[in-house]
Amino acid sequence: MIDRLTRALSTVAAWWLGLLWIMPLAYALWAATHGVQYATHFDPFAPLTWEHFVTAWQQAPFVTYMLNTLIITGLILAGQLILCTLAGYALARMPFPGRGLVFALVLLQLMVVPEILIVENYRTLAGLDLIDTHLGVGLPYMASAFGIFLLRQTFKGVPQELEDAARLEGCSRLGVLWKVYVPLAKPTYLAYGLVSISYHWNNFLWPLVVTNTAQSRPLTVGLAIFGAPESGVDWPVICAGTLIAVGPLLALFLLFQRRFVHSFMHAGLK
């Protein structure tokens, strides 16, 4: 009886949390597809309109913003996968003096809020002449402590016998990494990749600081400028622009939802 009550309460709580999560998105969809007079007034018989999407698309270079976001997110993910794979393998399988200290420093990085490093990162990138570039936006995030930790734990779970067999077949260390460890860590890569894409697609503060022109601004910064109060607050148009910005990421999540959950379960994350 207690177990049934607990499950029922859990189900009700999950539904309520789901409704609370989807309400802002539902309002944005309602406001973007109805006239201005219905932005704060619900009428089930209100006529649909798509003019707000057309207005938003014409008022801001969303194609440029979206392309910049794709380039930045892709650069970050590629750099993270390469660096985290090499670092994770070294910390998991290559004994060297100070390995425990290096891993402790990686874990320490998880406790550092990225915003604390904004001034130093900006100063460094200014010295490298990378301000207002795609690489400048992505470079500070390529060495991910979370990715290193996750892949290190995954690689430690691979049986040593598989590496020994590959070495007997003549594989080098990089060959062993590519042919043994990387294929066995595919669920971890997929789970981490989805988390990384989601985070950096929505990242705002650092791109706002380091970009100056539309040629390098991602969607989040472009949308903030598009919806700034000094440019006039038109809620239906702002909601339409928001849906244009979050649409690709939302579609990606809905398409790969089952795989996303399955990958996290296999990656050992709770």
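**Fold, helix packing and charged side chains**

Mentor: From the N terminus on, the elements of the protein chain run α-α-α-α-α-α-α-α-α-α-α-α-α-α. The model is predicted: local features need pLDDT of at least 70, side-chain atom pairs count only at pLDDT 80 or more, and totals for chains, interfaces and linings use all residues. Residues are numbered from 1 along each chain as its sequence is written, and side-chain values use heavy atoms, with hydrogens and water left out.

Trainee: How many helices and how many strands does the protein chain have?

Mentor: Helices (H or I, at least four residues) and strands (E, at least two) are DSSP runs, numbered from the N terminus. On that basis the protein chain has 14 helices and 0 strands.

Trainee: How is helix H10 oriented relative to H13?

Mentor: Axes are lines fitted to C-alpha atoms, for helices over the stretch in contact, and angles run from 0 to 180 degrees between N-to-C directions. Helix H10 (residues 186-202) and helix H13 (residues 235-255) pack at about 170 degrees, their axes lying 11 Å apart. Because angles under 35 degrees count as roughly parallel, over 145 as roughly antiparallel, 65 to 115 as roughly perpendicular and the rest as oblique, H10 and H13 are roughly antiparallel.

Trainee: Which residues of H13 does H10 meet?

Mentor: Contact means heavy atoms within 4.5 Å. From H10, the residues involved are Ile197, Ser198, Trp201 and Asn202. Their partners in H13 are Ala245, Pro248, Leu249 and Leu252.

Trainee: Which side chain meets arginine 123 in a salt bridge?

Mentor: A salt bridge is a side-chain nitrogen of Lys or Arg within 4 Å of a carboxyl oxygen of Asp or Glu, and the structure holds 1. Arginine 123 is exposed, at 53% relative accessible area (buried means under 20%, exposed over 50%, partly exposed in between; 1.4 Å probe, protein chains only). At 3.3 Å, N to O, the partner is glutamate 120.

Trainee: Which side chain of opposite charge is nearest to arginine 93?

Mentor: Arginine 93 lies in helix H3 (residues 62-93) and is buried yet has no salt bridge. Lys and Arg count as positive and Asp and Glu as negative, while His and the chain ends are not counted. At 4.1 Å, the nearest side chain of opposite charge is glutamate 163.
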